[in-house]
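Let's take a friendly walk through a protein together. Have the sequence and the 3D view ready as you read.

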Amino acid sequence: MNLSGKVALVTGSTSGIGLGIAQALAGAGADVILNGFGDASAALADVSRHGTRVGHHPADLGSVEQLEALFAYAEGEFGGVDILVNNAGIQHVAPVEAFPVERWDAIIALNLSAVFHCTRLALPGMRQRSWGRIVNIASVHGQVGSVGKAAYVAAKHGVVGLTKVVGLETATSNITCNAVCPGWVLTPLVQKQIDDRAANGIEPEQAQHALLAEKQPSLAFVTPQHLGELVLFLCSEAGSQVRGAAWNIDGGWLAQ
């Protein structure tokens, strides 16, 4: 796999899934633009060790103006975006009737609307260069529901639908758009759910096992490395006819 000469933008990539994907892309030779809040020095150092060019932009993806500034930075400093990985996301858990309106708006803005805006901003350059890869990190919750996750499930279902539309609109080009649908990945969001269970007097190992056993038959977490390798496949020539797909990587969750 050789992505030398390609520029990848990975949103929400200063830690967790996004950082794992950024490392995989850099390892394959791509220049990488990281995005995320806070101090990005550790992430920049991690990705830079692959020897490719790495940058960071702290755009708040809930703001259209900052998203446009992110793409202006990508164009001005890197010459554009060849590979777009829409990864950034947030979560809140509450029953529908008690779901805070501001949390609903924030989740839809980041988990869904930002995917649309990044895609619309990336596509013109990809069409001009006659090549592009868009990979949306959706979720198993883009295909099934879970109690208490109304905004997250609605957003991820929207991402899967948007992926299909973009896949169709680019079907006769060298641009592909696909969604990756992970099950449980041990991210800070999932760790919080484990910690919440452990706070009720359960040992952390038992809390983790119980969380996995409810949904994921493999009883093992998907890792950022797994996701990075799948993204690399979708960027390869072998993945060039995977279009508009929602690819499950969920330890058997949806096979049940």
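This is a predicted model: local features need pLDDT of at least 70, side-chain atom pairs count only at pLDDT 80 or more; totals for chains, interfaces and linings use all residues.

Residues are numbered from 1 along each chain as its sequence is written, and side-chain values use heavy atoms, with hydrogens and water left out.

Start with the domains, whose bounds come from an automatic or database domain assignment. Domain 1 covers 7-185 + 223-249, and domain 2 covers 186-221. Their centres, taken over C-alpha atoms, lie 25 Å apart. Nine residues from domain 1 and ten residues from domain 2 make the contact (heavy atoms within 4.5 Å).

How much area is buried between domain 1 and domain 2? The answer is about 900 Å², with 61% coming from carbon and sulfur atoms; buried area is the accessible area (1.4 Å probe) that two parts lose on being put together, summed over both. On the side of domain 1, Gln91, Trp184 and Val185 lose the most area to domain 2, together giving 67% of what that side buries. The interface has zero salt bridges, meaning a side-chain nitrogen of Lys or Arg within 4 Å of a carboxyl oxygen of Asp or Glu.

Now look at Ala220, in the loop between helix H7 (204-215) and helix H8 (224-235); helices are DSSP runs (H or I, at least four residues), numbered from the N terminus. Ala220 counts as partly exposed because its relative accessible area is 37%, between the cut-offs of under 20% for buried and over 50% for exposed (1.4 Å probe, protein chains only).

Definitions and conventions
Helices (H or I, at least four residues) and strands (E, at least two) are DSSP runs, numbered from the N terminus.
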